[in-house]
Amino acid sequence: MFERFKKKKTEEFFAPVDGSFVPLTEVADPVFSQKMMGEGFGIQPTASEIYAPIKGTVTTIFQTKHAIGLTSELGSEVLIHIGLDTVELAGAPFEVHVQVGQTVDESTLLVTADFAEVRAAGKADVVLMLITNGGESFDSLNKNQLKHGE
């Protein structure tokens, strides 16, 4: 009897927005910083355009537009979460540019966010990219500034 071994497939993840890298452990919300939602990282944005961090499909768009779920070609479930406690803003500062079922890649614009409005409401404007069905930590990523698509 022979056992087949599959090579572990690697997957590319891209920065969804321009800005400064924030290790997930430093995000000011314990649900995210304690990795209850999965592995990932944050970006303190310097731009308002948020792009897909993977090649895959849009699976969920939250009614409040503050979060979008994606599934990669290899099955990773990715959540883009815009700001902290922004669900309370009822979608006002966000314009969604995709729809459920749409195929996306790193050049696909998901959301335009009015971060001035987010901050004026007293909310943190960090953008989170989370892998909700497992994955390796991004905490040791040695990168200060990120550009979407990197």
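Guide: Let's start with E88, which is exposed at 54% relative accessible area. Here exposed means over 50%, buried means under 20%, and partly exposed is anything in between, using a 1.4 Å probe and protein chains only. Before going on, note that this is a predicted model: local features need pLDDT of at least 70, side-chain atom pairs count only at pLDDT 80 or more, and totals for chains, interfaces and linings use all residues. Residue numbers start from 1 along each chain as its sequence is written, and side-chain values use heavy atoms, with hydrogens and water left out.

E88 meets K123 in a salt bridge between their side chains, at 2.4 Å from N to O. E88 sits in the loop between β6 and β7 (94-96) and K123 in the loop between α2 and β10, so the pair ties together parts that are 35 residues apart in sequence. A salt bridge here is a side-chain nitrogen of Lys or Arg within 4 Å of a carboxyl oxygen of Asp or Glu. As for the element names, helices (H or I, at least four residues) and strands (E, at least two) are DSSP runs numbered from the N terminus. While E88 is exposed, K123 counts as buried at 17% relative accessibility. In general, side chains of opposite charge can pair when their charged atoms come close.

T86 counts as buried, at 0% relative accessibility. Leaving out residues up to four places away in sequence, T86 touches H66, H81, F94, V118, K123 and A124; contact means heavy atoms within 4.5 Å. A polar atom of the T86 side chain also lies 2.5 Å from the backbone oxygen of I82. That passes the polar contact rule: a pair of N or O atoms within 3.5 Å, where within protein one must be able to donate a hydrogen and the other to accept it, and residues adjacent in sequence count only if both atoms are side-chain atoms.

β6 spans residues 77-82 and is mostly covered, with 5 of its 6 residues buried. On one pairing, 5 bridges join β6 to strand β5 (residues 67-72), and the two run antiparallel; T71 stands opposite E77 there. Two strands count as paired if DSSP finds at least two bridges between them. The hairpin of β5 and β6 has 4 residues between the strands, and G75 takes a positive phi near 100° in it. β6 is also joined by 5 bridges to β10 (residues 127-131), again running antiparallel, and H81 stands opposite L128 in β10.

Now zoom out. The open sheet has 8 strands in the order β8-β4-β5-β6-β10-β2-β1-β11, with antiparallel pairing. Its edge strands, β8 (103-104) and β11 (145-146), each pair on one side only. Beyond β10 comes β2: the two run antiparallel and are joined by 5 bridges, with I43 opposite V127 in β10. In β2, 6 of the 7 residues are buried, so the strand is largely enclosed by the rest of the structure.

What about the packing? The largest nonpolar core has 29 residues, and I50, L70, I80, I82 and L110 have the most contacts inside it. The elements giving two or more residues to this core are β2 (39-45), β5, β6, β9 (109-113), α2 (115-120) and β10. There is also a second, separate core of 10 residues, including A67, L79, L84 and V126. A nonpolar core is a set of buried Ala, Val, Leu, Ile, Met, Phe, Trp, Tyr and Cys residues joined through side-chain atoms within 4.5 Å.

Back to charges: the count comes to 3 salt bridges. R119 is partly exposed at 46%, whereas D125 is buried at 6%. K35 and E39 also meet through their side chains, at 3.1 Å from N to O. K35 is partly exposed at 23%, and E39 is buried at 17%.
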